[in-house]
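Subject: Structure handover

Hi,

Here is the structure I promised to pass on.

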Amino acid sequence: MDLGITGKRALVLASSRGLGLGIAAALAREGANVLLCGRSGEQLEANCKAINSESKGRADWIWADLGDERFVETVTAAVKEKFGGLDILVNNTGGPTPGTTEDMTGEKLEIYFLSMVARVITLTNALLPGMKAQGWGRILTVASSGVIEPIANLALSNTLRPALAGWSKTLASEVAGFGVTTNLLLPGSILTARLDDLDGAAAKRTGKSLEEVRADKEARIPVGRYGRVEEFAATAAFLCSQPASYITGSLIRCDGGAARSV
């Protein structure tokens, strides 16, 4: 399928590794020019070199930290300088530390709210006028399956991620008439370094081995295994495509059927 995004300009947040990197690579393979963003310049440079060696689209990178109060200013200036505007925005952030509700201090809530919610919304607002003016845009926000089924020992994530679901759905109805789609994509257990960390924390908390933790989780996934980054990234690329122009205000799961809710 031709996704119709050759030459489109895409920004992917938190793309030095994991899901963000996978999405950036998938978009570039489809011909989009991609701006990677993260905190490791060395890693981002290596990612761009790898993407540029095999893709139709071109990749560039900027250093930007979602925890930095100048994050939105830094990113919007880079988009203007390198692309002159934007067609596709992929909002992706790192997840908070594991813990229970009793571990949620006011300080932690404030820090993670800023990096996981407030700056995502503020950046989108800054880049949205250009999409509306050109009559075409894609806003895709990566959240967590905890939005629909809270995950044990991830109280902070279960609390903050749903805010993005409400925001994304509200935004979709406001911008649909301008040719801009807005969707939320929920990963299940996708093999990344983040999942390694979470499984390791679960092993420590329960006294089980890492292998036992993973076997237990895979047994509860109808597909019977963890997902691959490439599978998740392909879903993201389609939602950013021209053929997906009638999909907006949606919450899409890529979890192997793990969530039990309808």
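Below is what turned up when I went through it.

Before anything else, please keep in mind that this is a predicted model.

**Overall build**

Let me start with the chain as a whole. Its secondary structure comes to eight helices and seven strands. The radius of gyration is 18 Å, close to the 18 Å that the globule rule gives for 262 residues, so the chain is as compact as a globular protein of that length. If you want to set up a box, the C-alpha atoms fill one of roughly 55 × 40 × 40 Å along the principal axes. As for burial, 48% of the 262 residues count as buried.

**Rings and charges**

Next, the aromatic side chains. How many aromatic pairs does a search of the whole structure find? The search comes back with zero. There is something to see around W136, though. The charged end of K8 sits over the ring of W136, at 4.0 Å from its centre. R138 also has its charged end over the ring of W136, in this case 4.1 Å from the centre.

**Empty space inside**

Rolling a probe the size of a water molecule over the atoms shows where empty space is left. With a threshold of 30 Å³ or more, the count comes to one cavity. The largest cavity holds about 50 Å³ of space. Which residues line the largest cavity? They are T97, P98, G99, T100, D103, M104, K108, A155 and L156. By type, that lining divides into four nonpolar, three polar and two charged residues. K108, from the lining, falls within helix 4, residues 106-134.

A14 is not a glycine, yet its phi is positive, at about 50 degrees. You will find A14 in the loop that links strand 1 (9-12) to helix 1 (18-29). A14 counts as partly exposed, because its relative accessibility is 24%. N153 is another non-glycine with a positive phi, here about 65 degrees.

**A few positions and distances**

- T124 lies in helix 4 (residues 106-134). Is T124 buried or exposed? Its relative accessibility is 1%, so T124 counts as buried. From T124 to R220 is 96 residues in sequence and 36 Å in space, C-alpha to C-alpha.
- L251 is part of strand 7 (residues 251-254). A relative accessible area of 37% makes L251 partly exposed. L251 and L27 are 224 residues apart along the chain, and their C-alpha atoms are separated by 20 Å.
- G249 is in the loop between helix 8 (229-239) and strand 7. Its relative accessible area is 16%, and the cut-off for buried is under 20%, so G249 is buried. G249 and T181 are 68 residues apart in sequence, with 7.3 Å between them in space, C-alpha to C-alpha.
- S241 is found in the loop between helix 8 and strand 7. S241 is buried, with a relative accessible area of 0%. S241 and W63 are 178 residues apart in sequence and 26 Å apart in space, C-alpha to C-alpha.

That is the lot from my side.

Cheers

Conventions: Residues are numbered from 1 along each chain as its sequence is written. This is a predicted model: local features need pLDDT of at least 70, side-chain atom pairs count only at pLDDT 80 or more; totals for chains, interfaces and linings use all residues. Side-chain values use heavy atoms; hydrogens and water are left out. Rings of Phe, Tyr and Trp (its six-membered ring) pair if their centres lie within 6.5 Å; planes under 30 degrees apart count as stacked, over 60 as edge-to-face and the rest as tilted. A charge sits over a ring if NZ of Lys or CZ of Arg is within 6 Å of the ring centre and within 35 degrees of the ring normal. On a 1 Å grid over the protein atoms alone, a cavity is a set of points where a 1.4 Å probe fits but cannot get out, and a pocket is an open set with protein on both sides within 12 Å along at least five of seven lines; lining residues have an atom within 4 Å of a point. Grid points are joined across faces, edges and corners, and a volume is the space filled by probe spheres set on the points. Ala, Val, Leu, Ile, Met, Phe, Trp, Tyr, Cys and Pro count as nonpolar, Asp, Glu, Lys and Arg as charged, and the others, Gly among them, as polar. Helices (H or I, at least four residues) and strands (E, at least two) are DSSP runs, numbered from the N terminus. The radius of gyration is taken over C-alpha atoms; the globule rule is 2.2 Å times the number of residues to the power 0.38. Buried means under 20% relative accessible area, exposed over 50%, partly exposed in between (1.4 Å probe, protein chains only).
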